[in-house]
Amino acid sequence: MLGESKAFSGFAAPDISKAKEFYSKTLGLKVTEEHGLLTLHLAGGNNVLIYPKPNHVPATFTVLNFPVDDVDLAVDALTKRGVRFEKYNGPEIKTDEKGIMRGNGPTIAWFKDPAGNILSVLEAMM
C-alpha cells in the first residue's frame with residue numbers, strides 16, 4: 001500500500017529560528033520554512049521535516065546521519081564552523097580526541113544541533 005509513497009523523516013526542535021540558522025549556515029544545507037516548519041533538502045532528493053515543539057526533549061539516539069567520504073576531513077571542517085563533537089569513553093563506544101569512533105563499525109563522529117538532537121557524520125558505505 002505505501003510502497004510508492006515518498007516517505008520522509010522528521011524530528012522536533014524548540015526554536016525553529018535557531019534550527020534554521022544551524023542547518024543552513026553551520027551545516028550548509030538547503031533549508032526552507034513554511035507554516036513554521038523547516039524542511040531540510042538533502043542530497044539525493046531526500047527531505048527531513050523539523051517541527052516546533054516547545055517542551056522538546058532530545059532523543060537519546062542519532063536522528064540524522066550524514067555519509068561522507070572522509071570523516072576526519074568532515075570533522076575538521078565542521079569544527080572550524082563551530083560544531084562540537086561528542087566524546088565517549090564507555091565500554092561499547094569510545095571516541096578519540098577529535099570525537100571519532102574508529103574500528104568498531106563504520107568510522108563515525110556524533111554532534112548535536114542547538115536542540116540537543118544527535119547527528120553524525122559517518123564513513124560512506126560503498
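Colleague: Which residues do the ring pairs link into a cluster?

Modeller: Phe11, Phe22 and Tyr23 are linked that way. Please keep in mind that this is a predicted model. Searching the whole structure turns up four aromatic pairs, and one between Phe22 and Tyr23 has its ring centres 5.2 Å apart with 90 degrees between the planes.

Colleague: Why is Phe22 called buried, and why is Tyr23 called buried?

Modeller: The cut-off for buried is under 20% relative accessible area. Phe22 has 9% relative accessibility, so Phe22 counts as buried. Tyr23 has a relative accessible area of 0%, and therefore Tyr23 is buried too.

Colleague: Where is Thr26 found, and how do you know whether Thr26 is buried or exposed?

Modeller: Helix H1 holds Thr26. Its relative accessibility is 17%, which is under the 20% limit, so Thr26 counts as buried. Leaving aside residues up to four places away in sequence, Thr26 touches Glu21, Leu78, Arg81 and Val83.

Colleague: And Met125, is that residue buried or exposed, and why?

Modeller: Met125 comes out at 61% relative accessibility; exposed needs over 50%, so Met125 is exposed. This residue lies in the segment after S8. From C-alpha to C-alpha, Met125 is 25 Å from Val31 in space, and the two are 94 residues apart in sequence.

Colleague: Which residues of the largest nonpolar core touch the most other members?

Modeller: Tyr23, Leu27, Leu40, Phe111 and Val121 do, in a core of 29 residues. Among the elements that each supply at least two residues of this core are strand S1 (9-13), helix H1 (16-26), strand S3 (37-41) and helix H2 (71-80). There is also a second, separate core of five residues, which includes Met101, Ile108, Ile118 and Leu122. In soluble globular proteins, nonpolar side chains tend to be buried together.

Colleague: What does Leu40 touch, not counting residues up to four places away in sequence?

Modeller: Its contacts include Tyr23, Leu29, Val48, Ile50 and Leu64.

Colleague: How do you know that S3 and S4 pair, and in which sense do they run?

Modeller: Pairing takes at least two bridges; S3 and S4 are joined by four, so they count as paired, and they run antiparallel. Leu38 stands opposite Ile50 in S4. The two strands form a hairpin with five residues between them, and Gly44 in the turn has a positive phi of about 80 degrees.

Colleague: What makes S1 and S4 a pair?

Modeller: The same test applies. With five bridges against a required two, S1 and S4 count as paired, here in the parallel sense. For instance, Ser9 has Val48 in S4 as its bridge partner.

Colleague: How much space lies in the largest pocket, and which residues are closest to its centre?

Modeller: The largest pocket holds about 280 Å³ of space. Of its 14 lining residues, Leu27, Leu29, Phe66, Pro67 and Val68 are the closest to the centre. S5 and H2 are the elements that give two or more residues to the lining, and S5 contributes the largest share, five residues.

Note on methods:
Residues are numbered from 1 along each chain as its sequence is written. This is a predicted model: local features need pLDDT of at least 70, side-chain atom pairs count only at pLDDT 80 or more; totals for chains, interfaces and linings use all residues. Side-chain values use heavy atoms; hydrogens and water are left out. Rings of Phe, Tyr and Trp (its six-membered ring) pair if their centres lie within 6.5 Å; planes under 30 degrees apart count as stacked, over 60 as edge-to-face and the rest as tilted. Buried means under 20% relative accessible area, exposed over 50%, partly exposed in between (1.4 Å probe, protein chains only). A nonpolar core is a set of buried Ala, Val, Leu, Ile, Met, Phe, Trp, Tyr and Cys residues joined through side-chain atoms within 4.5 Å. Contact means heavy atoms within 4.5 Å. On a 1 Å grid over the protein atoms alone, a cavity is a set of points where a 1.4 Å probe fits but cannot get out, and a pocket is an open set with protein on both sides within 12 Å along at least five of seven lines; lining residues have an atom within 4 Å of a point. Grid points are joined across faces, edges and corners, and a volume is the space filled by probe spheres set on the points.
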